[in-house]
Amino acid sequence: MHAYLIIAKKDIPIEEEIQKRHIFNGFKLLEFPVQKIDDARSLNAFIRLSASEKTAILIKNFQDATEECVNAILKNIEEPQANIGFIIQATSENSILPTIRSRCQIIHVSSAPNKDGVSEMQNFFEMNLSDKAETLFKNKKREEAVTFSEKMIEYL
């Protein structure tokens, strides 16, 4: 496999996951920030110059890249060089084009739930129905609702 798509939250240390899962063992790992078309062009120029050394390109937060940038990266993934591998990190699988997903081995990385989140969810599930409803209605802001939902998913 020459390309991996790692689905993980932004705060998860991807480098540790790469080592733990033995992804591209023996390759030099280079993080390359790629968000705009100029970044993709710089990456393309770099790849052309350094193809002799085994190199794994780590691109974090790929879901934030522009459409032009994504299309430029796609060409590299479709026509890989022998000594170049790609590790793409995104927070959601659905935020990545299907053409890129189909050319990558997808790895889902979840963070271990913190103890506060576990106890909060245990308390939530032990509540009666009206207390559960009241707790849910307290989450009026989107960020609060997303955080609560993430804690629940981690707990389950």
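Predicted model: local features only at pLDDT ≥ 70, side-chain atom pairs only at ≥ 80, totals over all residues.
**Surface patch.** F125, Y155 and L156 form one. I then checked Y155 on its own. Y155 sits in helix α7, which covers residues 142–155. Its relative accessibility is 31%, so I log Y155 as partly exposed, between the 20% and 50% limits.

**Largest pocket.** Next I turned to pockets. The largest pocket has a volume of about 270 Å³. I count 13 lining residues, and the closest to the pocket centre are K9, V109, S110, I153 and E154. Helix α7 comes up again here: α7 gives the largest share of this lining, four residues. By class I noted five nonpolar, five polar and three charged residues.

**Second largest pocket.** I read a volume of about 160 Å³ for this one. Its lining includes E15, I18 and Q19, then I23, F24, N25, G26 and F27. L29, A56 and I87 are also among the lining residues. Which helix supplies the largest share of this lining? I found helix α1, residues 14–20, with three residues.

**Cavity.** One cavity of 30 Å³ or more turned up. I noted about 40 Å³ of space in the largest cavity. I47, N76, E79, P80, Q81, I84 and F86 line it. I sorted this lining into four nonpolar, two polar and one charged residues.

How values were computed: Residues numbered from 1 in each chain as written. Heavy atoms only, no water. 1 Å grid on protein atoms, 1.4 Å probe; cavity = no way out; pocket = protein on both sides within 12 Å on 5 of 7 lines; lining within 4 Å. Points joined across faces, edges and corners; volume = space filled by probe spheres on them. Nonpolar A, V, L, I, M, F, W, Y, C, P; charged D, E, K, R; others polar. Patch = residues over 30% accessible without salt bridge, like charges linked within 9 Å, V, L, I, M, F, W, Y side chains within 5 Å. Areas by Shrake-Rupley, 256 points an atom, 1.4 Å probe, with all protein chains shown as cover. Salt bridge = Lys/Arg side-chain N within 4 Å of Asp/Glu carboxyl O. Helix = DSSP H or I, 4+ residues; strand = E, 2+ residues; numbered from the N terminus. Buried < 20%, exposed > 50% of the residue type's maximum accessible area, 1.4 Å probe, protein only.
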